[in-house]
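Hi,

Here is the structure I promised to send over. Have a look, and then read on for what turned up.

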Amino acid sequence: MDKLLRLLSENSDYSPAELALMLDETEENIIDRIRSYEKQGIIKGHRAIVDFENVEDSGVTAYIELKVTPLKEKGFDEVAEKIMGFDEVASVYLMAGTYDLALIVKGDTIQDVSSFVSRKLSALDGILSTATHFILKRYKDDGVILTDIPDDERRCMQF
């Protein structure tokens with residue numbers, strides 16, 4: 001993978017000057033490459049990783065597995081596109097294995113997510129079954145450790 005993309009995926013807060021220094025390139029070259037990646041659709045956005053356990057009234061998140069009947073000539077894409085249209089759905093993934101699609105769904109309460117699954121999601125054509133798993137605690141999210149483990153203990157955990 002391109003080193004610039006790897007650095008940006010680990011920390012989107014790096015400035016072009018910092019990236020230029022780390023990659024031994026000019027700042028202008030870094031800016032041009034980032035703009036090019038954005039135009040090509042390689043970089044889709046920039047975001048912060050938030051530890052929602054420290055945010056009051058942050059709601060609930062569920063991981064939902066779906067078994068789906070793929071539609072003729074469209075496969076899973078049409079079903080995925082319909083699911084992506086729901087505001088409650090944060091992420092949609094095509095999977096290999098015992099289920100076909102995986103979703104990350106957010107709501108204010110467990111009841112909100114349950115209602116979404118029973119009234120909207122399971123009512124879609126092609127949905128054979130759902131399995132909902134509520135996320136109770138995040139220990140690590142997108143490569144970032146969210147628990148308060150002292151640095152000296154964290155080093156001991158590395159193999």
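At what angle do helix 2 and helix 3 pack, and how far apart are their axes? The angle is about 110°, and the axes of helix 2 and helix 3 (residues 27-40) are 8 Å apart. That makes the two roughly perpendicular (the word covers 65 to 115 degrees). On the helix 2 side the contact (heavy atoms within 4.5 Å) uses Pro16, Ala17, Leu19, Ala20 and Leu23, and on the helix 3 side Glu27, Ile30, Ile31 and Ile34. By class, that is 8 nonpolar residues, no polar ones and 1 charged.

Before going further, some ground rules: this is a predicted model, where local features need pLDDT of at least 70, side-chain atom pairs count only at pLDDT 80 or more, and totals for chains, interfaces and linings use all residues. Residues are numbered from 1 along each chain as its sequence is written, and side-chain values use heavy atoms, leaving out hydrogens and water.

Helix 2 (residues 16-23) also meets helix 1 (residues 3-10): their axes come within 11 Å and cross at roughly 130°. The crossing is right-handed. Here Lys3, Leu4, Leu7 and Leu8 of helix 1 touch Leu19, Met22 and Leu23 of helix 2, a set with 6 nonpolar, no polar and 1 charged residues.

Further along, strand 2 (residues 89-94) and strand 3 (residues 101-107) pair (at least two bridges by DSSP) in the antiparallel sense over 5 bridges. Tyr93 has Ala102 in strand 3 as its bridge partner. The hairpin has 6 residues between the strands, and Gly97 there takes a positive phi near 135°.

Cheers

Technical notes:
Axes are lines fitted to C-alpha atoms, for helices over the stretch in contact, and angles run from 0 to 180 degrees between N-to-C directions. Helices (H or I, at least four residues) and strands (E, at least two) are DSSP runs, numbered from the N terminus. A crossing is left-handed if the near helix is turned anticlockwise from the far one by less than a right angle, and right-handed if clockwise. Ala, Val, Leu, Ile, Met, Phe, Trp, Tyr, Cys and Pro count as nonpolar, Asp, Glu, Lys and Arg as charged, and the others, Gly among them, as polar. Angles under 35 degrees count as roughly parallel, over 145 as roughly antiparallel, 65 to 115 as roughly perpendicular and the rest as oblique.
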